[in-house]
Amino acid sequence: MNKSEQNRQRLKEMQSYRLLASEAETIFDEMDAQMSLGFNKPLSFLCFLGHSRSWKKDESGATIKGKVNEIPLCRGFLCDGEMLIVENLLEDSRFRNHSVVIGPTAARSYAGCPIFSTNGVVIGGVCVLDTKASSFSETERFMLQILADQVRSSIEYRRETPEGGREGAAARRC
């Protein structure tokens with residue numbers, strides 16, 4: 001499948017999940033909080049990928065200089081569908097000159113795990129950024145995979161229910 005066909009398939013999947021131009025949702029806020037707390041990193045977000053842009057569904061933590069919704073890192077796992085770990089963004093020629101990396105408060109490390117649709121199409125990812133160069137342990141990589149799977153399960157539920165699953169998260173709160 002060529003890149004154009006992949007983009008068409010991705011957009012079709014995104015539409016079926018009702019993710020395009022949707023509002024913030026409690027369930028994604030909760031998953032994002034899990035990432036931020038679990039990784040003890042200043043920034044985490046869910047990234048969904050459209051044809052020519054990526055955007056955040058939710059974000060936790062500190063503000064990092066630059067436009068996070070334009071991070072080419074989010075597109076990094078599209079090619080091979082694998083988790084992308086960059087321990088030092090300044091040393092990586094693909095990313096070192098990007099606005100998210102440049103500057104004294106900018107991102108220095110990144111971990112992103114793709115979110116697959118049930119049809120095997122990468123539609124987004126769960127992402128964690130840090131303001132200092134750092135590694136990500138095998139446990140943290142496993143946690144990213146679990147969170148990506150949880151997001152997929154949530155958006156599957158959203159697609160299969162008339163209310164889109166939006167009410168369930170609020171009802172579960174204590």
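A residue counts as buried when its relative accessible area is under 20%, as exposed when that area is over 50%, and as partly exposed in between, using a 1.4 Å probe and protein chains only. Keep that in mind as we tour this chain.

The model is predicted, so local features need pLDDT of at least 70, side-chain atom pairs count only at pLDDT 80 or more, and totals for chains, interfaces and linings use all residues. Residues are numbered from 1 along each chain as its sequence is written, and side-chain values use heavy atoms, leaving out hydrogens and water.

**The whole chain**

The chain contains five helices and five strands. Here helices (H or I, at least four residues) and strands (E, at least two) are DSSP runs, numbered from the N terminus. Read from the N terminus on, the order is α-α-β-β-α-β-β-β-α-α. Of its 174 residues, 47% are buried. A contact means heavy atoms within 4.5 Å. Among the contacts with a separation of 6 or more, 64% join residues 24 or more positions apart. What about the surface?

The expected span of a helix is 1.5 Å times one less than its number of residues. The table sets this beside the distance from the first C-alpha to the last.

| Helix | Number of residues | End-to-end distance | Expected span |
|---|---|---|---|
| α1 | 14 residues | 20 Å | 20 Å |
| α4 | 23 residues | 33 Å | 33 Å |

Let us start with α1, which covers residues 3-16. Its buried residues include Asn7, Arg10, Glu13 and Met14. Seen down the axis of α1, the buried residues fall within an arc of 125°, so they line one face of the helix. That arc is taken from the directions from the helix axis to the C-beta atoms. An α-helix has 3.6 residues a turn, so residues three or four places apart point the same way. On the face of α1 turned away from its buried side sit the exposed residues Arg8, Lys12 and Gln15.

In α4, the buried set includes Leu144, Leu147, Ala148, Val151 and Ile155.

**Turning out of the helices**

Most residues other than glycine have a negative phi, and most peptide bonds are trans. What follows α1? Arginine 18 does, with a positive phi near 55°. After α2 comes asparagine 40, whose phi is also positive, near 50°. Asparagine 40 lies in the loop between α2 and β1 (43-49), and its relative accessible area of 66% makes it exposed.

**Two residues up close**

Is valine 128 buried or exposed? With 0% relative accessibility, valine 128 is buried. Valine 128 belongs to strand β5 and touches Met35, Phe39, Leu43, Tyr110, Phe136 and Leu144, among others, not counting residues up to four places away in sequence. Leucine 43 is 85 residues from valine 128 in sequence, yet their C-alpha atoms are 5.9 Å apart.

Alanine 133 sits in the loop between β5 (122-130) and α4 (138-160). Alanine 133 is partly exposed, at 44% relative accessible area. Leaving out residues up to four places away in sequence, alanine 133 touches Glu87, Asn88, Arg108 and Ser109. Alanine 107 is 26 residues from alanine 133 in sequence, and the two are 8.3 Å apart, C-alpha to C-alpha.

**Rings and charges**

A charge sits over a ring if NZ of Lys or CZ of Arg is within 6 Å of the ring centre and within 35 degrees of the ring normal. Lysine 41 lies over the face of phenylalanine 136, at 5.0 Å from the ring centre. Arginine 159 is placed over the face of tyrosine 17, at 4.2 Å from the ring centre.
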